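Here is a short report on a protein model.

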Amino acid sequence: MSDTERAWLVFREYTDKGLLSLTYATPDGEHVHRKQRSLNAGDPTAAVDVAADDLDPVEDPTDVDRYGTEASRMRDEHDPDDTV
């Protein structure tokens with residue numbers, strides 16, 4: 001893995017504490033980066049560049065497939081800086 005990896009938005013969830021939980025995945029679905037932010041922080045972008053050390057492996061094969069499919073779809077339909 002290089003020093004950074006591009007990860008694409010694959011899941012978002014609004015929490016009851018007024019936060020937005022975002023899950024970004026690599027196109028192969030093997031690694032994810034999760035973060036939370038305030039709803040006031042603006043719309044998330046379609047992709048982020050993540051330091052390799054900040055990516056977590058995906059253990060569940062079903063999630064790997066689902067994340068890979070969604071990350072590939074996002075990559076095909078959006079520029080990385082598009083707000084989604």
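## Strand pairing

Glu5 has Val50 in E4 as its bridge partner. Strands here are DSSP runs of at least two E residues, helices are runs of at least four H or I residues, and both are numbered from the N terminus. E1 (residues 4-14) and E4 (residues 47-51) run antiparallel and are joined by five bridges. Two strands pair if DSSP finds at least two bridges between them.

E1 also runs antiparallel to E2 (residues 19-25), with six bridges. Tyr14 stands opposite Leu20 in E2. The hairpin of E1 and E2 has four residues between the strands, and Gly18 takes a positive phi near 80° there.

## Basis of the values

This is a predicted model: local features need pLDDT of at least 70, side-chain atom pairs count only at pLDDT 80 or more, and totals for chains, interfaces and linings use all residues. Residues are numbered from 1 along each chain as its sequence is written, and side-chain values use heavy atoms, leaving out hydrogens and water.

## Nonpolar core

The largest nonpolar core has 19 residues. Such a core is a set of buried Ala, Val, Leu, Ile, Met, Phe, Trp, Tyr and Cys residues joined through side-chain atoms within 4.5 Å. Trp8, Tyr24 and Tyr67 have the most contacts inside it. E1, E2, E4 and helix H1 (61-77) each give two or more residues to this core.

Tyr67 touches Val10, Thr23, Ala25, Gly29, Val32, Arg34 and Val58, not counting residues up to four places away in sequence. Contact means heavy atoms within 4.5 Å.

## Arg37

Arg37 is found in strand E3 (residues 31-38). Arg37 is buried yet has no salt bridge. A salt bridge needs a side-chain nitrogen of Lys or Arg within 4 Å of a carboxyl oxygen of Asp or Glu. The nearest side chain of opposite charge, Asp43, is 6.2 Å away. Lys and Arg count as positive, Asp and Glu as negative; His and the chain ends are not counted.

What does the side chain of Arg37 reach instead? The backbone oxygen of Gly42 is at 2.2 Å, and that of Asp43 is at 3.3 Å. Beyond four places in sequence, the contacts of Arg37 are Leu19, Leu20, Leu22, Gly42, Asp43 and Pro44.

## Arg66

Arg66 lies in helix H1. Arg66 counts as partly exposed because its relative accessibility is 41%. Buried means under 20% relative accessible area, exposed over 50%, and partly exposed in between (1.4 Å probe, protein chains only).

The side chain of Arg66 makes a polar contact with the side chain of Asp63 (2.9 Å). A polar contact is a pair of N or O atoms within 3.5 Å; within protein, one must be able to donate a hydrogen and the other to accept it, and residues adjacent in sequence count only if both atoms are side-chain atoms.
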